[in-house]
Amino acid sequence: RLPKAAPAGGRHGRLWEAPVVAEEAEGVKLHLSGGSTGYKGVYEGSPAADTAARRFFAQHRVGRRREHLGPFDTAVAAAVAYAR
């Protein structure tokens, strides 16, 4: 079970909330996980210096190598790329 909120001043100085997770998008069944984004292979990165928006990244393993699938505006978009 995921916690409702972290103590004040948690990661990046804000309260943490459990993500709203879609099980399917764009006709593709998404791979769910218990991680911070709720999707397997998807992680949240830091905002770029010139933008306040946070980015989501997708990656998967090919043998022992990690293959990065790129940056996405939403966790669902990154999860769809991972699922394909």
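Reply: The questions below go from confidence to fold, then to single residues.

Me: How far does the confidence go in this model?

Reply: This is a predicted model. The chain averages a pLDDT of 75, and 67% of the residues score at least 70. Over residues 6–10 pLDDT stays under 50. For that stretch the model has 4 contacts beyond four places in sequence.

Me: What makes up the secondary structure, and in which pattern?

Reply: The chain has 1 helix and 5 strands. Along the sequence the pattern reads β-β-β-β-β-α.

Me: Which strands form the open sheet, and in what order?

Reply: The sheet holds 3 strands in the order S3-S4-S5, with antiparallel pairing. S3 and S5 each have a single partner strand, so they stand at the edges. One side of each is therefore left without a neighbour in the sheet. Direction ignored, neighbouring strands are turned by 30 degrees against each other on average.

Me: How do you know that S4 and S5 count as a pair?

Reply: Pairing requires at least two bridges between the strands. S4 and S5 have 7, in the antiparallel sense. Arg 61 stands opposite Arg 66 in S5. Val 62 has Arg 65 in S5 as its bridge partner. The hairpin of S4 and S5 has 2 residues between the strands. There, Gly 63 takes a positive phi near 65 degrees.

Me: Where does H1 sit relative to the sheet?

Reply: H1 packs on the sheet and touches S3, S4 and S5. Its direction makes about 20 degrees with that of S4. H1 spans residues 75–83, and its buried residues are Ala 75, Ala 78, Ala 79, Val 80 and Tyr 82. Their cover includes strands S1 (24–25), S3 (42–44), S4 (56–62) and S5 (65–72).

Me: How many aromatic pairs does a search of the whole structure find?

Reply: The search finds 1 aromatic pair. Tyr 43 and Phe 57 form it, at 5.5 Å centre to centre with 25 degrees between the planes.

Me: Why is the pair of Tyr 43 and Phe 57 called stacked?

Reply: Two values decide. Ring centres must lie within 6.5 Å to pair, and planes under 30 degrees apart count as stacked. Tyr 43 and Phe 57 have 5.5 Å and 25 degrees. Both values fall inside the cut-offs, so the label is stacked. The pair also links distant parts of the chain: Tyr 43 is in strand S3 and Phe 57 in strand S4, 14 residues apart.

Me: Why do Tyr 43 and Phe 57 count as partly exposed?

Reply: Buried means under 20% relative accessible area, and exposed means over 50%. Tyr 43 has 33% relative accessibility, so it counts as partly exposed. Phe 57 has 23%, so Phe 57 also falls in between.

Me: Why is Gly 70 called buried?

Reply: Gly 70 has 18% relative accessibility. The cut-off for buried is under 20%, so Gly 70 counts as buried. Gly 70 is found in strand S5. Not counting residues up to four places away in sequence, Gly 70 touches Phe 56, Phe 57 and Ala 58.

Me: What makes Lys 40 partly exposed?

Reply: Its relative accessibility is 46%. Exposed needs over 50% and buried needs under 20%, so Lys 40 lands in between. Lys 40 is found in the loop between strand S2 (28–29) and S3. Beyond four places in sequence, Lys 40 touches His 31, Leu 32, Ser 33 and Tyr 82. The C-alpha atoms of Lys 40 and Gln 59 are separated by 9.0 Å, with the two residues 19 apart along the chain.

Me: What do the totals for the chain come to?

Reply: Buried residues make up 23% of the 84 residues. The chain exposes about 6100 Å², and carbon and sulfur atoms supply 52% of it. Among contacts with a separation of 6 or more, 24% join residues 24 or more positions apart.

Terms used: Residues numbered from 1 in each chain as written. Predicted model: local features only at pLDDT ≥ 70, side-chain atom pairs only at ≥ 80, totals over all residues. Heavy atoms only, no water. Buried < 20%, exposed > 50% of the residue type's maximum accessible area, 1.4 Å probe, protein only. Helix = DSSP H or I, 4+ residues; strand = E, 2+ residues; numbered from the N terminus. Contact = heavy atoms within 4.5 Å. Phe/Tyr/Trp six-rings, centres within 6.5 Å; stacked < 30°, edge-to-face > 60°. pLDDT = per-residue confidence, 0-100. Areas by Shrake-Rupley, 256 points an atom, 1.4 Å probe, with all protein chains shown as cover. Axes fitted to C-alpha atoms, helices over the stretch in contact; angles between N-to-C directions.
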